[in-house]
Amino acid sequence: MGVAGLWEASVLRPAAEVRSLTDLAVSDGFVANPGGRRGFRIGIDASIWFFHAAYGREGENPELRTLFFRCCRLLQSPLLPLFVFDGPKRPAVKRGKRVGGNAHWLTTGMKNIIQAFGFEWRMAPGEAEAELAYLNRIGVIDAVLSDDVDNFLFGATMVIRNPSSTLSGNRSHPVKNSEGKDDGNHVLTYRASSLSTHPDVQITRGGTILIALLSGGDYIPAGLPGCGKAFAVGLARAGFGESLMHAATTLKADKLDNFLSEWRNQIRAELKSNKSGFLPSKKPSLAASLPDSFPSIPVLLSYISPITSETERPRHPPPPVLWPSDPDPAQIASLCELYFEWGVKDIIMKRFRTVLWPGIVCRALRRRVIDAEAVSDCDQDGSTSLPMVIASESSVAGALPQVRPSTSEGDAAEGVPPPPSMPFSLALFRLDPSPSPPSSRPADGSEKSDDDIERESSLVMDVLSIREHSSTDGMPEYRVLIDPSALADRAASGVRGIRPPIDVPSASEDGGDEEVEDDEAAADDNDTALERLETAAQSKA
């Protein structure tokens, strides 16, 4: 999908920054607090997840199974996902093939999972990737999580390259941490500002559009005959894409025609002389064959001005996305019972212990910080708005229980919490009880009872150890002891008993796809994520 070859080392890769997804979510999200939501807001093109879900092979509804475990992973750090689905005005033809007008068959199931996890979704007017680029550009989301480079053609400012192991490029060139290991938690992040300024890249948005026009993209698969990727990139670096985009966005039709005539002559001259030095060689044959019909104006405008909320409702910018709901164990358990062959109570409880409770605890602790800030703001001015402030690290550190000396290999044997001056990730662990405003309701919209609030406040029982590890770029991690009783009770309430009992050994055997196995393993591996929370207390279920 998109423009082939742009992620390669010879094009955009030099401008990439290797980041731990955990450190990115905490430092750039929870601590920096863009939008006042205590998390890093990422946009996800649902159609790309549908594509990866097709790798699911085993069990009942293997595609939804893959999507479920991916959502479990997203819970385990302060990432705030916004899924965007393709809308009714998406292009009818892409890559020379007609695109079906009906919604993807996984859409309903995916929306159910998204809502149960407390994530958000939107329907784009046209293509989801164009809508995500627009939302990124205006600051509704902080980055787009994708493996499609077209996000930059549509104007995205930051893209996180999808770390999925189903991508051949990721399997052959995995992203490694500072110790040279592929820990599954490091990603390549790309910023539009770095692409345009990095001395080995120097490609602007207009440059990426020109590369698509020359070497082929979703809207013009063949590109310009005889022009390969290397020459397309060279012409983009020489500035021809930027000048083309500027003209297309500022000139009227008659003046644009005059500009294009001169612009084509300049390209022909560059191909003959390689005056800029960005081309791999001179190519007079391509200069001679460059047609006067190049570029296709409709294709050019489809990249520059795609159908988005901006074009459909120019006077009504989209409202901010607030992520008001938290993951609901009852809803999630109900969906597992409905969709998966292992959806019986005993197996759901066993599986949730490793893949779901860590993420839900992380979300609950994040919510407690947001609630405390809301109460503090209300006390000061009588309002109920959520402030865009940084949490008090000293008050958070003071609320942490005393840390026991570590006995596990690799953990720091410190006896006290880190000093407030440390940029530590676990400001999430604010344990003091506080009132719950409407924003912290369960995903089903119901009110929390006083018993629920009291039980949640005692969810984290103790902090066992602290460590800093290369998998999180040295971000301090706490290993904590939790009491999952309230979570288990809530999950059990969502199981209706619609499936007959099954043997536990056979239900827990996963002959499933690599992607799901990787997700399950990662959810139970203390070495590869921010919150690998040890569930030591016994579940009541």
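I'll start with helix α5, residues 128-137, which is mostly covered: nine of its ten residues are buried. Those are Ala128, Glu129, Ala130, Glu131, Leu132, Ala133, Tyr134, Leu135 and Asn136. After α5 comes glycine 139, with a positive phi near 90 degrees. Before going on, note that this is a predicted model.

Staying with α5 for a moment, one of its buried residues is Glu131. The side chain of glutamate 131 makes a polar contact with the side chain of serine 309, at 2.4 Å. Where is serine 309 found? It is in helix α15, which covers residues 309-312. Serine 309 has a relative accessible area of 4%, and because the cut-off for buried is under 20%, serine 309 is buried. Leaving out residues up to four places away in sequence, serine 309 touches Pro125, Glu131, Tyr134 and Pro314. Glu131 and Tyr134 are also on the list of buried residues in α5.

Now the overall numbers. The protein has 541 residues, and 53% of them count as buried. There are 23 helices and twelve strands. The accessible surface is about 22600 Å², and carbon and sulfur atoms hold 52% of it. If you take the contacts with a separation of 6 or more, 76% are between residues 24 or more positions apart.

Next, strand β3, residues 79-85. How many of its residues are buried? Seven of the seven, so the strand is largely enclosed by the rest of the structure. Leu79, Pro81, Phe83 and Phe85 point one way, Leu80, Leu82 and Val84 point the other way, and all are buried.

β3 pairs with two strands that I'll mention. Strand β2, residues 40-45, runs parallel to β3 and is joined to it by six bridges. Within that pairing, isoleucine 44 has phenylalanine 83 of β3 as its bridge partner. Strand β6, residues 120-123, also runs parallel to β3, with four bridges between them. There, phenylalanine 85 is partnered by methionine 123 of β6.

On to helix α4, residues 107-116. Seven of its ten residues are buried, so this helix too is largely enclosed by the rest of the structure. The buried ones are Thr107, Gly109, Met110, Lys111, Ile113, Ile114 and Ala116. What covers them? The cover includes α2, which is 46-53, along with α3, β3, β6 and α16. Just after α4, glycine 118 has a positive phi of about 80 degrees.

Then the aromatic residues. Searching the whole structure gives 17 aromatic pairs. A pair of rings is described by the distance of the centres and the angle of the planes. Phenylalanine 68 and tryptophan 342 are both buried.

These two belong to one aromatic cluster, made up of Trp49, Phe68, Phe69, Phe83, Phe117, Phe119, Tyr339, Phe340 and Trp342. Phe83 is the β3 residue that partners isoleucine 44. Arginine 70 lies over the face of tryptophan 49, 5.3 Å from the ring centre. Arginine 351 has its charged end over the ring of tryptophan 342, 4.4 Å from the centre.

Two more residues and I'm done. Asparagine 274 is located in the loop between α12, 253-273, and α13, 284-289. Is asparagine 274 buried or exposed? Its relative accessible area is 18%, and since the limit for buried is under 20%, asparagine 274 counts as buried. Its side chain reaches the backbone nitrogen of leucine 279 at 3.1 Å. Setting aside neighbours within four places in sequence, asparagine 274 is in contact with Leu279, Ser281 and Lys282.

The other is alanine 230, in helix α10, residues 229-237. Alanine 230 has 45% relative accessibility and counts as partly exposed, because that category lies between the 20% and 50% cut-offs.

Conventions: Residues numbered from 1 in each chain as written. Predicted model: local features only at pLDDT ≥ 70, side-chain atom pairs only at ≥ 80, totals over all residues. Heavy atoms only, no water. Buried < 20%, exposed > 50% of the residue type's maximum accessible area, 1.4 Å probe, protein only. Pairing = 2+ DSSP bridges. Phe/Tyr/Trp six-rings, centres within 6.5 Å; stacked < 30°, edge-to-face > 60°. Lys NZ or Arg CZ within 6 Å of the ring centre and 35° of its normal. Polar contact = N/O pair within 3.5 Å; in protein donor to acceptor, adjacent residues only side chain to side chain. Contact = heavy atoms within 4.5 Å. Areas by Shrake-Rupley, 256 points an atom, 1.4 Å probe, with all protein chains shown as cover.
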